Amino acid sequence: MHEITAITPLLSPEAETRRRFLGLGLGLGALIGGSSLTGCSLMGSRKPVIGLALGAGAARGFAHVGVIKALEAQGIRPDIVVGSSAGSVIAALFASGATGNDLNRLALNLDEATIADWGLPFAGRFGGLIKGDALQNMVNREVQNKSIEQMRIPLGIVATELQSGKGILFRSGNTGLAVRASCSVPGVFQPAVISGKEYVDGGLVAPVPVSYARQMGATLVIAVNISSEPVHQDASGTFGVMQQTISIMQRSINQYELKSADIVITPHLKQMSSGDFKSRNAAILAGEVAAQEQMALIKERLKG
């Protein structure tokens, strides 16, 4: 059906920790050997590794663009970026080298038809109205067919393995395919198939992927939470009930996940539904405003 490019998950946390400590030890040894500075001075001057965790929220994801624009305006450039669902789209484009202004232009010019290839209702084994090929192709086109490991900024994309329900962090392979997997909202998108396994929405396990940014080595995590509150959702009809169910679940997960973030940016999107692509400009502005509100804290944490 599709040419599948192997996408491998991250090393186990223990293996990754050992690798980082080994690299840090070798690096510090070399520096101390060739410098009159003490080890304590070096440790004190080490800059934090900034991780940007972009959350799930469908059309509300345009707010991520505003956050990135605000950070860039202050000269703040993340060292790592990881995304779930809608956040994975922006994360991939940003990691490939797109600036905030580039993302702004793309967002405002985006035609929904370029990411929505409609299939037969409930076609295939697990259903889904949208096949996902168009989204995959759009992302690969915009990143100039770079694989995940070729990005300018280290990139992580979170999806959920359908059979086991486990969260998977993609660190290599076909970027568009990984984003497609991360965005495959059950009942809306058909599951993405990678190496014989089916994957669905990353927002089911990590509405805001803070812990995955930590796994990738971030020591300071800026989390962008665009999840909709259940009280603001329209729960009428089949689609409304499904969205409400996801919102309730994501709120529960976020209560735990966001505690480990250093800064949480929450754009004010109360009146914007997950399917409201017409309000993209307002969402971008909301992202900028929310990031500005947290800018003093971000700069303080960067100094610390």
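Q: Why is Leu-258 called buried?
A: Buried means under 20% relative accessible area, exposed over 50% and partly exposed in between, with a 1.4 Å probe and protein chains only. Leu-258 has 17% relative accessibility, so it counts as buried. This is a predicted model, where local features need pLDDT of at least 70, side-chain atom pairs count only at pLDDT 80 or more, and totals for chains, interfaces and linings use all residues. Residues are numbered from 1 along each chain as its sequence is written, and side-chain values use heavy atoms, leaving out hydrogens and water.

Q: Where is Leu-258 found, and what does Leu-258 touch?
A: Leu-258 lies in the loop between helix H9 (237-257) and strand E8; helices (H or I, at least four residues) and strands (E, at least two) are DSSP runs, numbered from the N terminus. Contact means heavy atoms within 4.5 Å. Not counting residues up to four places away in sequence, Leu-258 touches Val-208, Val-210, Ala-223, Asn-225 and Val-264. Ala-223 is 35 residues from Leu-258 in sequence, yet their C-alpha atoms are 7.5 Å apart in space.

Q: What puts the buried residues of H10 on the same side?
A: Let's name them: Arg-280, Ala-283, Ile-284, Ala-286, Gly-287, Ala-290 and Ala-291 are buried in H10. They cover an arc of only 160° around the axis, which puts them on the same side of H10. That arc is taken from the directions from the helix axis to the C-beta atoms. An α-helix has 3.6 residues a turn, so residues three or four places apart point the same way. Turned away from the buried side of H10 is a face with the exposed residues Leu-285 and Glu-293.

Q: What makes strand E1 mostly covered?
A: In E1 (residues 50-54), 5 of its 5 residues are buried. Ile-50, Leu-52 and Leu-54 are on one side, with Gly-51 and Ala-53 on the other.

Q: How do you know that E1 and strand E7 pair?
A: Two strands pair if DSSP finds at least two bridges between them. E1 and E7 (residues 220-224) run parallel and are joined by 5 bridges, so they meet that definition. In E7, Leu-52 has Ile-222 as its bridge partner.
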